[in-house]
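Me: I've got a model open and I'd like to learn how to read it feature by feature. Can you walk me through it?

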Amino acid sequence: MSTTYQIINPANEQIVKSVDLADITATDKVIEKANKAFESWKKVAPGDRAKLLRTFAQVVADHRQELAKIEVENAGHTIGNALWEADNVANVLNYYSAAPERLFGKQIPVANGIDITFKEPLGVVGVIVPWNFPMPIAGWGFAPALAAGNTVVLKPAEYTPLTAVKLGQLALLAGIPEGVFNVIVGKGSVVGNRFVTHPLVRKIVFTGSTTVGKQIMAGCADQVKRVTLELGGKSANIIFADSDIERAAAAAPGAVFDNAGQDCCARSRILVEKSVFDKFMSSFEVAVKKFKVEDPALPTAEMGPLISKKQLETVQAYLTKDIAFTGSAPKGSGYWMAPTVLMPKSATEKVWQEEIFGPVVSVMAFDDEADAIAKANDSQFGLSGSIWSNNSSKALRVARGIESGNLSVNSNSSVRYWTPFGGYKQSGLGRELGPDALDAFTEVKNVFIATDN
Ligand code: NAD
């Protein structure tokens, strides 16, 4: 028995659409279908699989405007971001379309024979996606999974299923065989959990909160199911006195308020060297006040609304004290909130330690290089971070000292599909993207052939 769910446009609170939510029986049927499709998909010749993925990429690129429009309405993403996100799916598919023909094993020197390894697909891969970046996060899971010869069951978040459903249709249009790439809309506790408990699902790729990630990891233990986790973050943006302060300050709002701060890589802790604290803050205030929060469909929008009323209330509950200044946001219907800058007094405060997942940033001063590293590492998370300095040796030293998976120097960029992405500590387990992503979607089989008989 399925129930329905109403999707709300977060910019104006209008109902966009009703979608059916799958139950366990429907989920099982799709998993079984994906398992059946695996038998033939894994045998598709590498060059043919590559061609199908390239066609899929092209079909996604051809529909970029349509996909982006859906995301603006469904998730309140700015049109600029949403177009980037649709393009990211096409780019990731293109990148991994080169993988089937390069899925090399090894020949290892051994005594009395020949030893070779094969990288073999796992079977059905379950991809569970959060609401904050519905398109890219789905693509980072399904593109390498399909390239390695697995079939996929994908569950989008309850709030944001529409682009995933469209991608499922585009896959068929591109000629990806029926049953190879399946999108199932439903609740995490029903469909997502069934991926974890169903023995035919051989791997889970989960992106979402650390709390749910821990439950999934525990659930996977029961079948020793493979799992990749991309979880929360509380990344530091470290500004040294010898950096281009104006540039760092001008870039800092985008580094945390992009996607209304609902970004696992958001630089939500800013650390500024004491001697330039005031200088940084005055430039930063100008930049925050200029940050354009408006109708996300406008090409000038830099930030739209938050995803839901619930998320807005959760974020606002953090704003009890220490507000230094805010930007502005539209009034009226929609889940709007002004970008907010806090100056907490202590590193033990909730706003400094917890992932707020909204347009809120906390700023604190540090004394020297060692203090900057210690303060940045004083977190249960370790996903991203930025280091601003014109001393490249120091910047590299600090990058090596920070317990985090993705760091950038004199830049706030975290994600490039050519490079590995993932977290230290409670920010996750395993890596996505980059040249080695298929390792997470394959088993290594070792075969020894005796030659001395
Ligand atoms: P969430 O954990 O509530 O949900 C994520 C997904 O898991 C959704 O599809 C949900 O339906 C599903 N789910 C929920 N309970 C489940 C269960 N018991 N079993 C299986 N599936 C279940 O997270 P969210 O609120 O959608 O997303 C926000 C979180 O995602 C933030 O913490 C953010 O940092 C994190 N995130 C991490 C990354 C990264 O790459 N590290 C990227 C984006 C978002």
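Me: Let's start with S384. Which side chain does the side chain of S384 make a polar contact with?

Reply: Keep in mind that this is a predicted model. For a polar contact, look for N or O atoms within 3.5 Å of each other. Here the side chain of S384 pairs with the side chain of S414, at 3.4 Å.

Me: Where does S384 lie, and is S384 buried or exposed?

Reply: S384 sits in the loop between β15 (381-382) and β16 (385-388). Its relative accessibility is 4%, so S384 counts as buried. Leaving out residues up to four places away in sequence, S384 touches S235, A236, C265, R267, S404, N406, L407 and S414.

Me: How many bridges join β11 to β14?

Reply: There are 5, and the two strands, β11 (residues 269-273) and β14 (residues 360-366), run parallel.

Me: What about the nonpolar core? Which residues have the most contacts inside the largest one?

Reply: In soluble globular proteins, nonpolar side chains tend to be buried together. The largest core in this model has 50 residues, and F56, F142 and F181 have the most contacts inside it. Several elements supply at least two residues each, among them α1 (24-41), α2 (46-62), α4 (79-97) and β5 (124-128). The largest share, 9 residues, comes from α5. Domain 1 (3-231 + 427-450) and domain 2 (236-415) each contribute at least three residues to this core.

Me: What does F142 touch?

Reply: Skipping residues up to four places away in sequence, F142 touches F56, V89, L93, V127, V152, L154, L167 and F181. There's also a second, separate core of 38 residues, including V256, M281, V315 and V360.

Me: Last one: how many disulfides does a search of the whole structure find?

Reply: It finds 0. The check is whether two cysteine sulfurs come within 2.5 Å. Take C220: the closest cysteine sulfur is in C264, 20 Å away, so that's too far for a bond. C220 is buried, at 1% relative accessible area, and C264 also counts as buried, at 14%.

Definitions and conventions
Residues are numbered from 1 along each chain as its sequence is written. This is a predicted model: local features need pLDDT of at least 70, side-chain atom pairs count only at pLDDT 80 or more; totals for chains, interfaces and linings use all residues. Side-chain values use heavy atoms; hydrogens and water are left out. A nonpolar core is a set of buried Ala, Val, Leu, Ile, Met, Phe, Trp, Tyr and Cys residues joined through side-chain atoms within 4.5 Å. Buried means under 20% relative accessible area, exposed over 50%, partly exposed in between (1.4 Å probe, protein chains only). Helices (H or I, at least four residues) and strands (E, at least two) are DSSP runs, numbered from the N terminus. Domain bounds come from an automatic or database domain assignment. Contact means heavy atoms within 4.5 Å. A polar contact is a pair of N or O atoms within 3.5 Å; within protein, one must be able to donate a hydrogen and the other to accept it, and residues adjacent in sequence count only if both atoms are side-chain atoms. Two strands pair if DSSP finds at least two bridges between them.
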